[in-house]
Amino acid sequence: MTPQQSHGEQLLEINGAELCVETFGDRTAPALVLVAGSSASMVWWDTDLCERIAARGRFVVRYDHRDTGRSTAYPPGRPAYSFTDLALDVLGLLDTLGIERAHVVCQSMFGGIALILGVDHPERLASLTFLSCSTGADDLPPPSSDLAMPAEPDSSDAAALVEYVVAAARAYAGGSPYFDEDAIRALVEHDVARAKSYASTLVNHYVIEIDGPTRGGFGDIAVPTLVVHGDRDPLLPLAHGEALREAIPGAELLTLEGAGHDLPRPVWDEFVAALVRHTEGGRS
């Protein structure tokens with residue numbers, strides 16, 4: 001095994017749930033936790049991407065949220081947790097893995113997890129990165145009029161589920177020339193096959209209680225922060241990333257040209273280089 005490769009998946013009891021976790025690289029290197037977006041298991045952080053980051057001197061942690069992948073699944077429409085619980089899951093992972101402080105990267109809707117961690121638990125963070133996120137301000141532009149989402153599938157039909165998620169990923173790519181349908185289809189087939197309940201995956205993150213930090217907002221984040229946003233994002237247009245940069249003191253913005261509401265392979269070199277610069281220092 002080369003130094004950056006996976007240590008294998010583990011099922012860990014965390015914060016009242018069983019979470020599936022996978023780590024890459026040198027366990028003594030600065031820890032970097034990848035938090036996927038809503039309805040996304042850890043496989044949406046591609047293995048090759050995790051290995052690239054680990055090869056640059058980071059101990060990479062990815063995991064399945066509740067209701068994704070091999071982690072605890074709740075009945076569709078009845079998730080027994082809130083945003084705060086999902087943030088506490090990250091802290092529980094750090095505790096279980098023996099990590100005092102970590103660099104945390106949060107994607108899309110689960111930028112809300114980064115907000116809770118950054119405001120309420122800054123002592124556990126070395127830095128934050130927001131990928132395809134928003135402040136949620138009312139004056140920001142709505143999704144693109146070209147964003148056409150597919151009809152909900154029959155959750156008992158695995159083939160229909162795959163077609164639905166591939167079509168959704170195509171829509172979120174925003175017409176990017178980097179969208180690779182064959183690669184996305186292979187990823188989705190794997191994701192659907194390993195999920196305990198994909199019906200729960202598609203629904204439950206959108207009906208949880210969206211609570212926030214107990215004592216402030218984006219302006220109270222004091223840890224070093226990087227905002228990353230695609231210039232073709234049709235769900236949260238680039239203005240959302242720009243607003244996030246302005247809201248967080250000292251935040252920097254990396255605009256990924258040609259990317260939508262995703263992280264396609266052709267922008268990985270730029271993303272990894274920026275992430276490595278941003279996460280220099282701060283050993284776990």
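Biologist: Which strands and helix each supply at least two residues of the lining of the second largest pocket?

Modeller: They are strand S7 (225-230), strand S8 (252-256) and helix H8 (268-278). The model is predicted: local features need pLDDT of at least 70, side-chain atom pairs count only at pLDDT 80 or more, and totals for chains, interfaces and linings use all residues. Residues are numbered from 1 along each chain as its sequence is written, and side-chain values use heavy atoms, without hydrogens and water. Helices (H or I, at least four residues) and strands (E, at least two) are DSSP runs, numbered from the N terminus.

Biologist: What is a pocket, and how much space lies in the second largest pocket?

Modeller: Rolling a probe the size of a water molecule over the atoms shows where empty space is left. Points are joined across faces, edges and corners, and the volume is the space filled by probe spheres set on them. By that rule the second largest pocket holds about 160 Å³. Its lining includes Pro-224, Glu-252, Ala-274 and Arg-277.

Biologist: How many residues of that lining are nonpolar, polar and charged?

Modeller: There are 5 nonpolar, 3 polar and 2 charged residues. In this count Ala, Val, Leu, Ile, Met, Phe, Trp, Tyr, Cys and Pro are nonpolar, Asp, Glu, Lys and Arg are charged, and the others, Gly among them, are polar.

Biologist: How much space lies in the largest pocket, and which of its lining residues are closest to its centre?

Modeller: The largest pocket has about 1400 Å³. It is lined by 49 residues, of which Ala-40, Trp-44, Gln-107, Tyr-172 and His-261 are closest to the centre. By class, 31 are nonpolar, 12 polar and 6 charged. Helix H4 (158-172) gives the largest share of this lining, 5 residues.

Biologist: Which residues have the most contacts inside the largest nonpolar core?

Modeller: First the general idea: in soluble globular proteins, nonpolar side chains tend to be buried together. Buried means under 20% relative accessible area, exposed over 50%, and partly exposed in between (1.4 Å probe, protein chains only). A nonpolar core is a set of buried Ala, Val, Leu, Ile, Met, Phe, Trp, Tyr and Cys residues joined through side-chain atoms within 4.5 Å. The largest one has 44 residues, and Val-33, Val-35, Val-104, Ile-113, Phe-130 and Ile-221 have the most contacts inside it. Helix H2 gives the most to this core, 7 residues. A second, separate core of 26 residues includes Ala-40, Leu-49, Leu-131 and Leu-275.

Biologist: Which residues does Val-35 touch?

Modeller: A contact means heavy atoms within 4.5 Å. Leaving out residues up to four places away in sequence, the partners of Val-35 include Trp-45, Tyr-63, Val-104 and Ile-113.

Biologist: Which residues of H8 are buried?

Modeller: An α-helix has 3.6 residues a turn, so residues three or four places apart point the same way. In H8 the buried residues are Trp-268, Phe-271, Val-272, Ala-274, Leu-275, Val-276 and His-278. They pack against S3, helix H1 (47-55), S5, S6, S7 and S8.

Biologist: What is the phi of Asn-15, and what is the phi of Asp-67?

Modeller: Most residues other than glycine have a negative phi, and most peptide bonds are trans. Asn-15 has a positive phi near 55°, and Asp-67, also not a glycine, has a positive phi of about 70°. Asn-15 is in the loop between S1 and S2, and Asp-67 is in the loop between S4 and H2. Asn-15 counts as partly exposed because its relative accessibility is 37%. Asp-67 has a relative accessible area of 1%, so it is buried.

Biologist: What radius of gyration does the protein chain have?

Modeller: The radius of gyration is taken over C-alpha atoms, and the globule rule is 2.2 Å times the number of residues to the power 0.38. For 284 residues a compact globule would have a value near 19 Å; the protein chain has 17 Å, which agrees. The C-alpha trace spans about 45 × 40 × 40 Å along its principal axes. The chain has 8 helices and 8 strands, and 54% of its 284 residues are buried.

Methods:
On a 1 Å grid over the protein atoms alone, a cavity is a set of points where a 1.4 Å probe fits but cannot get out, and a pocket is an open set with protein on both sides within 12 Å along at least five of seven lines; lining residues have an atom within 4 Å of a point.
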